[in-house]
Structures are given as structure tokens and as C-alpha cells.
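Here is a short briefing on charged side chains and how they pair. Keep the structure in view while reading.

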Amino acid sequence: MKTLKTLIILLIMTNGLLHTAAQERKENNDYVERQNYTETISGLSEDCTLEIKSPYGLINIESGDTPGQITIDMSITIEGRYWFVKEKSEKDYSKMLKIKNKRPDKVTITNKMPEENQSFTTRRGHNYTGTFSLYYEYEGNRVTPVITIRIPKEMNVIAEQKFGTISMPDDNMGNIDISLEHANMEGGNFKNLTVKSQYADHITVENIETATFDAEYSHIETGDIDSLSAVLKYSNCHFGNVNKMNIKSEYGHETFKNADKSDIINIATKEEE
């Protein structure tokens, strides 16, 4: 059976976001509709801070080419039977992405799924290429939100992520502060990285100049670190070469490439009583 496709272009500005939609019918008689929302914010200062609050979904942060500018793309994929896709496609998903402040020194983005979807079963998938997915499922019908934000590599980022994944660029020159709850993180190199996590299945980053971790029930893997400060509880951590560190570990497990070097000092581990 041939796949039937219908393309709908909507030139509608909703909350400042340009909205487009495309629908296709699959061979198993299920339907897929993809909706996209885009906005560009310019005139930002070099020390601008991007603040992100996201209770669900996948957030991809990528390096942009234009100084002082960020671009926000939100993609919504609706999959399932005709009645489900028809009902969900009539919703205005731009309302789940709120962009405020928009000052030269600060932009705030809040992602919130409609309340009716919060009772759906959440499922997280991780493959070995380092990509993640999360979606809301009800009897095989799914709504999948993905947000992609392109920023200058010098931009500061403060992000809160729950029940999802945040992916950072290859090179991060700003101050990066990430809070994770039942969420994952991946990224490249960082100048200054702070991560607070609870029940993070997967935190994987490369080399860091200055790193601060406050982790509970989390799994952390890093490359080399110049300066490391960490409070770790019930966590499994694998670090590369570390020049200097101050770590308090409670019922956790840590490994280091250069753990036998004399310049690694002040490791305090609380033993089980």
C-alpha cells in the first residue's frame, strides 16, 4: 500500500512562534502529524543568560552561528489512530512553550505539556549513539515533544529538566548550571559546569575546566577535569584525569584515571556504620 501524505502550511504567528504542520498516513493505517514552532531572538548581550525550565521532553541545545542571537525550534510529533491524531492536532501546542523576559541580558523559556498529558506513561529510550527520546503514550498513541535551541557558545545557561533529557553543544564557554530530576544529560567540553542531580540515569560529558557535582542516585561519566568539587550520594561516577579535587562520597563508587597520583587530595568517603 502506498503511503499517503498531505502537507499543510500554516502561516500563523502564535505567541511569537511561526507554526507549520504536516500529516501523513502510514501503511498500518496509523497517522502521524508533525507540528513545528520557530522563533528567533536577536540583540542579546555577550553575558546573556538563557534560563530553561522543562518538566518533560527532549531539549537539544546546539551552537549557533550568529552572535547575540538564539533560535528556538519546537517539534511536536503526534502518532496513532486517526481519532487520536485528529484530536491532538487541533490543540495549540505553542502554549506549552512560553518565552518571556527577552531582555538583552536574559531570556527565559518554559516548556509545559498540557495537564491532560501528564498522566500518560513516560518512557525513556537511550541508544548507544548518545541520542535520547521521551514520549507520552496512551494505548499506542504518542505525543513527542522535542525542543532545539541554537545559542552562541559563550552564552550562560541555567536549566531545569525533569523526566527528560538535555543535550548540550560540543563546546560551552559560558557558565552552565543544570538541575536534573529523573532526567539525563549529555554534552561536550565545558569551561564551568555545575550539575545538581537526583535519579539521573545518564550524565555523560567530555572535558571540563571547573566542575561542581551534587548528585544523588546518579550515574556520571566525564573526560578530564582540571578542578573538581563534588558531593556524591549513592552514585556511580567515572572521571578521567583530575588535577585537583575535593569530594565527599556517601555510599557511592568513584573511579579516576589518575587515582594513584599524589596531587589528588582531600577525598573524604563516609563508610557504612
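Buried means under 20% relative accessible area, exposed means over 50%, and partly exposed lies in between (1.4 Å probe, protein chains only). By that scale Asp105 is partly exposed, because its relative accessible area is 38%. The model is predicted: local features need pLDDT of at least 70, side-chain atom pairs count only at pLDDT 80 or more, and totals for chains, interfaces and linings use all residues. Residues are numbered from 1 along each chain as its sequence is written, and side-chain values use heavy atoms, with hydrogens and water left out.

**Salt bridges**

- Side chains of opposite charge can pair when their charged atoms come close.
- A search of the whole structure finds seven salt bridges (a side-chain nitrogen of Lys or Arg within 4 Å of a carboxyl oxygen of Asp or Glu).
- Arg150 and Asp73 form one of them, at 2.5 Å from N to O. This pair links distant parts of the chain, with Arg150 in strand 11 (residues 141–151) and Asp73 in strand 6 (residues 70–80), 77 residues apart.
- Strands here are DSSP runs (E, at least two residues), as are helices (H or I, at least four), numbered from the N terminus.
- Arg150 counts as partly exposed, because its relative accessibility is 30%.
- A network of salt bridges links Glu62, Asp73 and Arg150.
- Arg103 pairs with Asp105, their closest N and O atoms being 3.0 Å apart. Arg103 is partly exposed at 37%.
- Lys162 and Glu181 meet in a salt bridge at 3.9 Å, N to O. The two sit in distant parts of the chain, Lys162 in strand 12 (residues 156–162) and Glu181 in strand 14 (residues 171–181), 19 residues apart.

**Positive patch**

- Lys53, Lys98, Lys100 and Lys112 gather in a surface patch of positive charge.
- Patches are made of residues with over 30% relative accessible area and no salt bridge; like charges are joined within 9 Å. Lys and Arg count as positive, and the place of a Lys charge is taken as NZ.
- Lys53 lies in strand 4 (residues 49–54). Its relative accessible area is 34%, so Lys53 is partly exposed.

**Asp92**

- Asp92 is in the loop between helix 1 (82–89) and strand 7 (97–103).
- Asp92 counts as partly exposed, because its relative accessibility is 34%.
- The C-alpha atoms of Asp92 and Gln35 are separated by 9.8 Å, and the two residues are 57 apart along the chain.

Conventions. Patches are made of residues with over 30% relative accessible area and no salt bridge: like charges are joined within 9 Å, nonpolar side chains (Val, Leu, Ile, Met, Phe, Trp, Tyr) within 5 Å. Accessible areas come from the Shrake-Rupley method with a 1.4 Å probe; for residues, only the protein chains shown count as cover.
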